[in-house]
Amino acid sequence: MNEPEVTTITTFAEARDAYRNKALRQALYDEGEVIMSDVIVNLHADQHRSRRRLENRLFRRDRMEEYEKKRFPAVIEETLTPHVREGHAELVSVSHQLMMNLAATTAGIDRPEGTPEESFHLYDYLMLFVEGATLAHYTGDREAKAAEVAEGLQRFDDEFLAPSIERRLAALAAHRAGDIDSSEVPVDVLCTLLANEDDLDLPHETIRRETAYYLLAGAHTSATAFVRTLHRLFEWEAAHPEEAGVLRTDPLSVQRCMHETIRLEPSSPVAMRWALDDIELRSGRQIARGSKVVIDLNSVNRDPEVFGADADEFDPHRELPEGVPRWGLSFGLGMHACIGSDLAGGLPYQEGDDVDEHLHGLVPVAAQWMLNHGARPDPSDPAEMDSATARPYWGRYPVRFG
Ligand code: HEM
């Protein structure tokens with residue numbers, strides 16, 4: 001087979017244009033069908049539109065408020081307080097545990113035991129699902145890996161998904177019968193899919209993959225952003241001691257730091273698309289039908305035309321041209337723009353907004369919780385990068401509290 005032509009996009013303007021082009025179809029999960037077949041981020045055109053319309057119901061402003069102001073604080077307390085009591089923790093593992101619990105809450109996967117072991121067990125499933133989604137890059141025996149992932153998906157179903165479905169179907173039936181109030185029906189992705197208010201064709205296997213994808217899309221990205229944001233906050237505090245107090249009291253400052261962190265270190269550093277047609281970008285660049293488009297977010301988010309000559313620097317006070325988000329394009333754009341971006345990173349603050357009502361996002365809220373409990377790098381045990389991958393992930397990040 002001939003290798004496809006590849007067009008790599010490195011500027012903000014071309015990336016924005018490409019993300020919005022409907023003749024470009026998702027290409028990141030080719031060969032990852034075991035997890036990604038007919039999952040929202042892999043659907044196109046009408047099929048994508050109807051799935052997104054169904055799921056958008058969950059991501060309305062009032063629902064996001066309920067998550068951020070009521071449900072997440074309890075999960076953050078429950079997950080992080082035991083670490084504070086111990087006086088120390090390892091951030092990478094804490095990030096997996098915390099973001100797994102938060103993603104399970106949003107996806108609608110119950111954690112009946114509520115123990116750290118159960119969270120890590122779920123995280124192991126999630127890492128297996130990541131391998132399944134990215135099979136195209138797997139260097140070993142792909143068929144064997146696909147079979148292992150399929151088997152894992154079935155075990156996840158037996159242990160977690162089936163009981164979660166059963167509870168939600170019972171709640172939906174009780175609500176239909178008038179036995180319970182709508183406030184007692186779970187508010188999460190799984191329940192939205194089961195209620196299926198638009199009558200889409202959603203067989204069990206599709207619901208299973210979609211729920212697994214939500215765990216993956218919500219937990220892994222947010223966990224990475226959480227550790228990196230805290231690292232940047234520690235560095236910023238050390239370099240700007242005059243701002244240390246502000247970071248503890250002003251959630252908007254922490255939110256700006258999170259946005260600046262994911263601009264510089266996008267959790268998903270590339271987007272990929274297939275050209276379904278011959279395309280001409282506004283820049284005049286031609287993309288031939290059948291070729292692959294790679295959007296390189298590390299370059300796009302550091303485009304000096306947009307972010308200035310010091311685009312490589314971490315500066316949460318950066319002035320930006322109108323209409324440019326602080327996070328660059330780290331939440332994507334166009335039809336597949338991250339559905340959970342308000343949940344993860346909150347909304348941009350507009351002059352005059354009420355700070356208490358404002359949505360700050362779960363990553364900034366959790367990072368500020370850590371700062372307020374005195375988290376700081378452990379001076380006797382320096383953090384290390386993960387040497388097992390070429391991507392810049394932290395491998396170990398010991399912190400102390402108090
Ligand atoms: C810091 C955290 C996060 C980052 C950086 C992030 C990033 C992204 C990006 C870049 C895309 C676009 C992918 C593409 O264009 O191919 C995306 C899509 C998506 N994200 Fe997120 N995400 C985050 C958190 C979340 C959370 C918390 C959820 C769930 C609650 C979520 C659910 C999704 C879904 C469902 C899509 C696909 C949307 C569609 O295809 O219509 N993400 N995310």
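A residue is counted as buried if 20 or more other C-beta atoms lie within 10 Å of its own. By this criterion, helix H11 of the predicted model is mostly covered, with 11 of its 14 residues buried. The buried set comprises Pro251, Val254, Gln255, Cys257, Met258, His259, Glu260, Thr261, Ile262, Arg263 and Leu264. These buried residues pack against four helices, namely H9, H10 (244-249), H14 and H15 (362-372). The length of H11, which covers residues 251-264, was also examined: at 1.5 Å a residue the helix should span 20 Å, and the distance of 20 Å between its end C-alpha atoms therefore agrees with expectation.

Helix H9, one of the packing partners of H11, contains 36 residues. The distance from its first C-alpha to its last is 52 Å, close to the 52 Å expected at 1.5 Å a residue. H9 is likewise mostly covered, since 26 of its 36 residues are buried.

A shell of 27 residues surrounds the ligand, and the closest of them are Gly218, Thr221, Gly332, Cys338 and Gly340. Two elements give two or more residues to this shell, helix H9 (204-239) and helix H14 (341-345). The largest share, 6 residues, comes from H9. In composition, the shell divides into 14 nonpolar residues, 12 polar residues and 1 charged residue.

Strand pairing was considered next. Strand S1 (residues 6-9) and strand S7 (residues 292-296) run parallel and are joined by 4 bridges.

A separate description applies to an open sheet of 3 strands, which has the order S3-S11-S8 and antiparallel pairing. Its edge strands are S3 (88-90) and S8 (376-377), each of which pairs on one side only. Between S8 and S11 (residues 398-400), the antiparallel pairing extends over 2 bridges, and the bridge partner of Pro377 in S11 is Val399. Helix H5 (residues 91-107) lies across S3 and S11 and runs at about 80 degrees to S3.

Glu280 lies in strand S5 (residues 279-280). This residue is exposed because 11 other C-beta atoms lie within 10 Å, and the limit for an exposed residue is 12 or fewer. Although Glu280 and Ala18 are 262 residues apart in sequence, their C-alpha atoms are 9.7 Å apart in space.

Most residues other than glycine have a negative phi. Asp38, which is not a glycine, has a positive phi of about 50 degrees. Asp38 is found in the loop between helix H2 (33-36) and helix H3 (45-56), and it is partly exposed, with 16 other C-beta atoms within 10 Å. Asn196, also not a glycine, has a positive phi of about 40 degrees. Asn196 lies in the loop between helix H8 (189-195) and H9. With 13 C-beta neighbours inside 10 Å, Asn196 counts as partly exposed.

Terms used:
Residues numbered from 1 in each chain as written. Predicted model: local features only at pLDDT ≥ 70, side-chain atom pairs only at ≥ 80, totals over all residues. Near = placed C-beta within 6 Å. Nonpolar A, V, L, I, M, F, W, Y, C, P; charged D, E, K, R; others polar. Expected span 1.5 Å × (residues − 1). Contact = placed C-beta atoms within 7 Å. Pairing = 2+ DSSP bridges. Axes fitted to C-alpha atoms, helices over the stretch in contact; angles between N-to-C directions.
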